[in-house]
Amino acid sequence: MVVVKEVSAKAIFDSRREKTILVKIKTNVGSFSASAPNGKSKGKYEAKSYMHSLEKDIDVLKKSNDYFSQDEIDKFEDLRRIEDIVEGHVGANTLFAFESAVLKALAKEKKMQVWQVLNPGAKKLPRLVGNCIGGGKHSHVEGKKPDFQEFLLVPKTKKIKEAFEMNKKFKKSLELDLKEKDSEFDGKKNDEDAWQTSLNEKEVLDILKRARVDIGIDVAASSFYKRKKYLYENPVLTRTEEEQLFYISNLIKNYDLFYIEDPFNEESFDSFAKLLKKFPSSLIVGDDLTVTNEKRLNKAIEEKSINAIIIKPNQNGSLLKVKKVCELAKKNNIKIIFSHRSGETTETILADLAFGFQADFFKCGITGKEREAKLKRLIEIEKKLNR
Ligand code: PGA
Ligand code: ZN
């Protein structure tokens, strides 16, 4: 049994030097803390990170202190008690960090790993999806850059350590290609520690062709969709919805793309469906489309829009609801991809959540202390399983 005796929170900086929340709890089994990440290319339908502001959320937690200590928490489902008190009063980042800290306390009390509190029978490890080159909103390049946000490496092996090493090695080798092909390449990295470049998406994909892993893209198409058109800058041109479908289809064919995230605007359930119908053996992934939200996922299921969904716990906030979204996806044969955010902390609970909820994929940057902390935690889980 865990009793939360005191809750406090403070602002800390994420990898982008932006403020995010760290929640600390004092319980009958010790003190625990957890922090939330921050997105930049956020979906329009995501839950708000904070109800009014980070500072006001901290105040709400402080003022609710007396209520929390009246409850005994003994299992994952008991997070409901916390939600009954703070739901509607704090934002998704605050709720996620708070519930994560409580899960850590529960794990300690039960002498278990966090993932075991969710699912003691978990066995399957996820495949890694690693961001190696970035454009769009995550890139700091002033001039030309890829319009697509992410270029992803998806090793076939489920051995996490092996996949991690493969991605690191390949990402490092890309430096030489970029030096050779991109006269403006300066060796700098973007928000997720992926390489930045002035090349366009086709030029990047030409380089990635030589990889011996599956290749993916996160188009993050909502970020350049305006007035019913996709506004490309490199090269400058516009595409209608139909032209976008044609363009993405050609890229999938020509580059044998395995993974395609948010290829259309976040309202375009029907275009996703058309693409999935054409390429049922690729992963057509919803992120901004579905925002880890049960209603949005239900719509995507009804319209047959996707066969894979990004799960970002802080797009929702409630881990109980995150679990429901995962269950709904699983029931409908939709692959589950747990994902980091572009602004990250060294928090590792994402790895436990991904394994506990039996994610099919784990999407994360490849290097940088915030990303490596999560990957190392997955490797640790893998090691303990094999013992
Ligand atoms: P984020 O975007 O900046 O909102 O974390 C990452 C993504 O689109 O996958
Ligand atoms: Zn995305």
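Which residue in β2 is the bridge partner of A11? The partner is I21. This is a predicted model, where local features need pLDDT of at least 70, side-chain atom pairs count only at pLDDT 80 or more, and totals for chains, interfaces and linings use all residues. Residues are numbered from 1 along each chain as its sequence is written, chains are lettered from A and ligands numbered from 1 in the order in which they are written, and side-chain values use heavy atoms, with hydrogens and water left out.

**Zinc site**
- The zinc ion (ligand 2) has D218 (OD), E261 (OE) and D287 (OD) as protein donors, at 2.0 to 2.2 Å.
- Donors are N, O and S atoms within 2.8 Å of the metal (3.2 Å for Na, K and Ca); water is not among the atoms, so sites may look incomplete.
- The donor spacing in sequence is D-x42-E-x25-D.
- D218 sits in strand β7 (residues 214–218) and D287 in the loop between β12 (283–286) and α10 (294–302), so this pair ties together parts 69 residues apart in sequence.
- Helices (H or I, at least four residues) and strands (E, at least two) are DSSP runs, numbered from the N terminus.
- D218 and D287 are both buried, meaning under 20% relative accessible area (1.4 Å probe, protein chains only).

**Ligand 1**
- There are 14 residues around ligand 1, and K40, H138, Q149, R341 and S342 come nearest; near means a heavy atom within 4 Å.
- The shell holds no nonpolar, five polar and nine charged residues.
- Asp, Glu, Lys and Arg count as charged.
- The side chain of R341 places an N or O atom 2.7 Å from an oxygen atom of ligand 1.
- For K363, the corresponding side-chain distance to an oxygen atom of ligand 1 is 3.0 Å.
- A polar side-chain atom of K312 lies 3.2 Å from a ligand 1 oxygen atom.
- A polar contact is a pair of N or O atoms within 3.5 Å.
- The protein covers 99% of the 280 Å² of accessible area that ligand 1 has on its own, by the Shrake-Rupley method with a 1.4 Å probe.

**Hairpin β1–β2**
- Strands β1 (residues 4–13) and β2 (residues 19–27) run antiparallel, joined by nine bridges; pairing takes at least two DSSP bridges.
- The two strands form a hairpin with five residues between them.
- In the turn, R17 has a positive phi of about 65°.

**Helix α13**
- Eight of the eight residues of α13 (residues 349–356) are buried, so the helix is largely enclosed by the rest of the structure.
- Among them are L350, L353 and F355.

How values were computed:
Buried < 20%, exposed > 50% of the residue type's maximum accessible area, 1.4 Å probe, protein only. Polar contact = N/O pair within 3.5 Å; in protein donor to acceptor, adjacent residues only side chain to side chain.
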